[in-house]
Amino acid sequence: MSDQSRNGDRGLVDRHGRRIEYVRVSVTDRCDLRCFYCMPEGFRDFEVPEHWLTFDEIERVMAAFGRLGTRRVRLTGGEPLVRHGLPDLAARL
């Protein structure tokens, strides 16, 4: 029996009681759609690619989300295919 089921923990749950089963990960911040969740109020400028999470870091974060019960990941970021090596990241996740 897993720790989650033994403790009665439902994993990640939003404020409406819905279980969160997927995570959206932006692999670049060069989105041109200007959605409110990508471009928060007070947005100043884009990050330089050197400040983006590495694929190893993304994999570690997603492993933690997996332990919390998420089962799917959506790779986003405007035009995520401009990020070099993205198919490798997708295969790792």
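Let me start with the contacts in this protein: of those between residues at least 6 apart in sequence, 71% join residues at least 24 apart. Keep in mind that this is a predicted model.

The secondary structure comes to 3 helices and 2 strands. Reading from the N terminus, the order of the elements is α-β-α-β-α. The protein has 93 residues, and 22% of them count as buried.

Which residues of α2 are buried? They are Phe55, Ile58 and Met62. These residues lie on the same side of α2, because the arc they cover around the axis is only 55 degrees. Turn to the face of α2 that points away from the buried side, and you find the exposed residues Arg60 and Arg67.

What covers the buried residues of α2? The cover includes both strands named here, β1 at 22-26 and β2 at 72-76, and also the helix α3 at 86-92.

One last item, past the end of the helix. Gly69 follows α2, and its phi is positive, near 110 degrees.

To recap on α2: Phe55, Ile58 and Met62 are buried, while Arg60 and Arg67 are exposed on the face turned away from them. That is all I have.

Notes:
Residues numbered from 1 in each chain as written. Predicted model: local features only at pLDDT ≥ 70, side-chain atom pairs only at ≥ 80, totals over all residues. Heavy atoms only, no water. Helix = DSSP H or I, 4+ residues; strand = E, 2+ residues; numbered from the N terminus. Buried < 20%, exposed > 50% of the residue type's maximum accessible area, 1.4 Å probe, protein only. Contact = heavy atoms within 4.5 Å. Arc of directions from axis to C-beta.
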